[in-house]
Amino acid sequence: VQRSLDRLESVNNFTEFVKAFSQFGSEMVELAHLTGDRQNDLKDERRRAQMAAARQVLERSTMMLLTSSKVCLRHPESSTARENRDTVFCQMRRAMDLIHFVVKDGVLNSGENHQSAQKDELDMDRSTVYSCMRNLQHHLELSRVTLDSSCHETLPSALEAVLERTQDFTDSAYTSHEHRQAILDGTERLKGELDHLLGLYANVIGFEGAANCPELDASVSAAVNAAKDLARHLAQAALQQAHELNMATKQGQELVATIRQHAVVSDVDRLHQTSEAFHDSIDHILEVCKLLRHVAVSESLQVSARFTEINLRVYGPQVITAAKTLAQYPGSKIAQENLDVFADMYQWLVSDVTAVVKGVLEASQLKPEKPVYMSLPRPGKHGTTSKTLKAVRLDTEEQEKIAKSGLEMKLITSEMDAETEKWQETSTQMDENNDIVKRAKNMSAMAFSMYQFTKGEGALKTTQDLFTQAEYFAEEANRLYKVIRQFSYQVPGGSNKKELLEHLDKVPTFVQRLQFTVKDHTVGKAATFTKVDNVIQETKNLMNVISKVVTTCFECASKVAIFSRS
């Protein structure tokens, strides 16, 4: 295929081009089969996603290669036509390099210096805020048991990697002032906690019994909590931008239609003005892609976001280049066809962005095939509501008012789901612990359905559905509380157990507050919406406490396993 690409690029007439393209097409079909089989065989999630990205570029670029090459042959004096064609060749060669990179598992077939730079670019999806934050938390937890001077190098280095990537959030023109300030405050807090921890290390390293120092353990916990809070602020900033993405993509699609109109009638001045607006629209979408890649919790989604961002950055502006060619030759059918093909590519990329947004937002949302508590009870048979209230739906304005609370609750459920998934993969705990995972997932599924209600989606259609679901949520929180209380008796004494009990003791209070809110009798539309808002807030508060309980519980479970083996 590489040789066929070289041959296609060097042809000077249509006869040679048709023959070369026919050969190229046959080889591309064979390559598609081979890479498809290889992709299915790959065990590494990241490599599999990279192969899928490369195959997608080759498949979609083939039609653009055909039309851009035909325009170049028809109008050899056009610099814009040549730019279209050269861009497509460049992207297809990059896709071929990526396939080689994946097949050879990280080895590139190119010059040594170029190879090193390109390898760094291909592996850039690993250097996200999420990955760096996990690395920092790993070193913090490791420092609890390995007290040596290396901490003074590894911890500042890990922190610097996190802070460097938070600049993508604070520097973004689309990050709100509220989120930017929360991120800046969070970074200062994290730096302060780490400085305090390193100061303690300097004082206790070398002393007997330093590993059991309560102040040191508390300082590590404080630094870990500061890191988690900063990660939450970063994710909230990305969610905010993702929530506003529909407007940017819709505007981009409308601008593409306008660009077509201006190009057909050779209105160069208006085409220039529209092109500037289109560039701004692309920049906005690229910002969202970058931030979503940073907070994506799976490697496949990080890769997808990364290559969607690259393809949009490269191919998006080529719509304008193709339009300039058509404006230069308004009667050229092949120039019109070329613009249509590049516009179609832009539509594909917008769909890819939407898929990435959906995937990142729902990646951590574990949805059981048969959620135990998602179905609604029959009136009068279950729950605390004996009388069926008038069921009403929220209007668009009301949904917008509680959208922020809904997104915050979704973020908390995603974090807890990530914890339960990680624990299921790495632990072989007792049945009681498996029950903790099961009930945590049940609560997460219920909270997710309530989040969907704030957007007018999902199984909960009316306010009464929401209130009933909140009752079940509170009941399940009580059950989880009892299971974890029993589990806590097996946890050896220490800072982890103390933290677990501190969080756990708050659960009954928050459960009671949610139950009182649900039972509150209301009359009228305004009062009902106030109750809905209060229920969402109380559910979010309870979910936040439960998330902390579950996270601490999983940390304790690993210590129980180590204690048992000892």
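How many disulfides does a search of the whole structure find? The search finds 0 disulfides, a disulfide being a pair of cysteine sulfur atoms within 2.5 Å.

This is a predicted model: local features need pLDDT of at least 70, side-chain atom pairs count only at pLDDT 80 or more, and totals for chains, interfaces and linings use all residues. Residues are numbered from 1 along each chain as its sequence is written, and side-chain values use heavy atoms, without hydrogens and water.

| Residue | Relative accessible area |
|---|---|
| Cys 132 | 10% |
| Cys 289 | 1% |

Next, the nonpolar cores. Such a core is a set of buried Ala, Val, Leu, Ile, Met, Phe, Trp, Tyr and Cys residues joined through side-chain atoms within 4.5 Å. The largest has 104 residues. Among those touching the most other members are Leu 136, Leu 155 and Phe 169. Helix α14 (residues 333-362) gives the largest share of this core, 14 residues. Helices are DSSP runs (H or I, at least four residues), numbered from the N terminus. Another core, of 46 residues, lies apart and includes Phe 448 and Leu 504.

Leu 136 is in contact (heavy atoms within 4.5 Å) with Leu 155, Ala 158, Leu 159, Val 162, Leu 190 and Ala 227, leaving aside neighbours within four places in sequence.

Helix α2 (residues 14-41) has 28 residues. Its buried residues include Phe 17, Phe 21 and Phe 24. Among what covers the buried residues of α2 are α1 (2-10), α3 (45-74) and α4 (79-103).

Note on methods. Buried means under 20% relative accessible area, exposed over 50%, partly exposed in between (1.4 Å probe, protein chains only). Helices (H or I, at least four residues) and strands (E, at least two) are DSSP runs, numbered from the N terminus. The expected span of a helix is 1.5 Å times one less than its number of residues.
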